[in-house]
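Student: Please pick one backbone feature in this model and go through it closely. Then set it beside others of its kind, with cut-offs for any terms used.

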Amino acid sequence: RRRPRPVGGSHQGMEEVARAPEQPLAPDDAARSLHTTSVAGVANQSCWPRFGRVTQRLALPVLLFLIALATPFAAFGLPALQHSVGLLPLMPTDSQATQTLVALQGYFGVASLFPTTLIIVPKVGVMGDPVTRSQWLDDTCAALTAIANAVNTDPNVAPFTASSFTGAMILNGKCTTLGAGQWSSIGGSYSATEVMINYKVDPFAADGQAWIVRLRKALEAHHGLGSWFVFGDGPNQMDVANKTYARFPIMIVLMMCAVFLVIGISFGSVMAPVRAALCLLWMLAVTFGLAVFTFQDGLLSFLDWQQLGARSTGAMCWFSPCIACSVLVGLGLDYDIFYSERVAEECEHGLNEKDASLRALTVTGNTISAAGIIMVAAFLALLLCTTPALNEIAFLLIVGVIVDCFITTKLIIPCVMALLGRWNFWPRKFSTQQQ
């Protein structure tokens, strides 16, 4: 189409130009224009653009401050993380069953309600002949006396003597062949026997667990008589908890590897999963460090609220951190992906990473905040109940969600993206990106 030329003067020509129809935009330009207009409308009604510009302007000081903030939790809280075992942390403190159990433990002792026993399996062929069986009983009685002497090394607990054992070969600390012990015939006659231990120590407390460890170590010197097993609720829970915590770091490493794989494939980037993993580790350090200060050191005991008070067992229930950790990683990764995907989308529309992170904060800020508030309200019910283990799980989840929704996605990620610039999604490149 020919452009109209001025006829008879410049004013007439300009009017014809003004009446000429505008050229239609290309589809990509039209979509980008519509996208920019819609985002601008959101920005006019949000406080996040100004907040994002301030934090990006102070990106390095903000990140250094947050790293310094997490240092006490990581340096002093995490190394001191301990765990407790027992039945009471799993029961509501105001229930009739809990009150009954506490009363019985006070009257008879924890060891009477949750006894620890020895299971001895003699070597094959020893118990068939009465003479060799009698000799095995005498040798086992002598071994039990030596075991009691080896275990009785802690002056802070009650003396542990051979009179604590009651079995087929020992009674009141004296050897016998007519003791009250029970024999098993499942693997044949006299295939195994049980030795009761009457010792007033709480098998769930720290002193009781240390006693179980010394007992097992003392048994190692007497395997020539057969196989020795320590059985009871205390040893069983202690073994499960110790095995779980021994593999807890491996579980965290595997979760970070899964995060790296999923984020790396989704975004086609190497830098994005590294940043996501570091953000998750920062959140876990702050959350678990604060839990240690709260439930082990009594940081919030001044509130006089049993849900957040120091634990009488000295530490959190053993499975509370294990359950909360996996949930926190999932929630934190969810919020991270939601924000980062919007940043990548803005980069596809032509913005650089710094401006894209600011616009993503503008669009997702209210949504992520609302999601976090909903999750906090949901977990608050667990915090208000009277079961200590559920209180601990709720505390960990609430703190982790607050950190993720109001610190990680509002401060850490925008500041990191402002500093990294075009390296945020390396080696991915955005074809429509303009500086």
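Tutor: Take Asp304, which sits in the loop between α11 (271–295) and β9 (316–317); helices (H or I, at least four residues) and strands (E, at least two) are DSSP runs numbered from the N terminus. The model is predicted, so local features need pLDDT of at least 70 and side-chain atom pairs pLDDT 80 or more, while totals for chains, interfaces and linings use all residues. Numbering runs from 1 along each chain as its sequence is written, and side-chain values use heavy atoms, leaving out hydrogens and water.

Asp304 is not a glycine, yet its phi is positive, about 55 degrees. Most residues other than glycine have a negative phi, and most peptide bonds are trans. Asp304 also has a relative accessible area of 73%, and therefore counts as exposed (over 50%; buried is under 20% and partly exposed in between, with a 1.4 Å probe and protein chains only).

Asn172 belongs to the loop that runs between β4 (170–171) and β5 (174–175). With a relative accessibility of 60%, Asn172 is exposed. To put the two together, Asp304 lies in a loop and is exposed, and Asn172 likewise lies in a loop and is exposed.

A glycine with a positive phi is found after α5 (96–108). The residue is Gly109, and its phi is near 95 degrees. The helix that leads up to Gly109 has 13 residues. From its first C-alpha to its last, α5 reaches 18 Å, close to the expected 18 Å (1.5 Å times one less than the number of residues).

Which residues of α5 are buried? They are Thr98, Leu101 and Gln105. These three lie on the same side of α5 because they cover an arc of only 65 degrees around the axis, the arc being that of the directions from the helix axis to the C-beta atoms. The partner of this buried set is α6 (110–113), against which the buried residues of α5 pack (contact means heavy atoms within 4.5 Å). On the face of α5 turned away from the buried side are the exposed residues Gln96, Gly106 and Tyr107.

The remaining backbone feature is a peptide bond. Between Trp426 and Pro427 the bond is cis, with omega near 5 degrees. Pro427 falls in the segment after α14 (388–420).

For the setting of these details, the protein has 14 helices and nine strands. Of the contacts between residues at least 6 apart in sequence, 75% join residues at least 24 apart.
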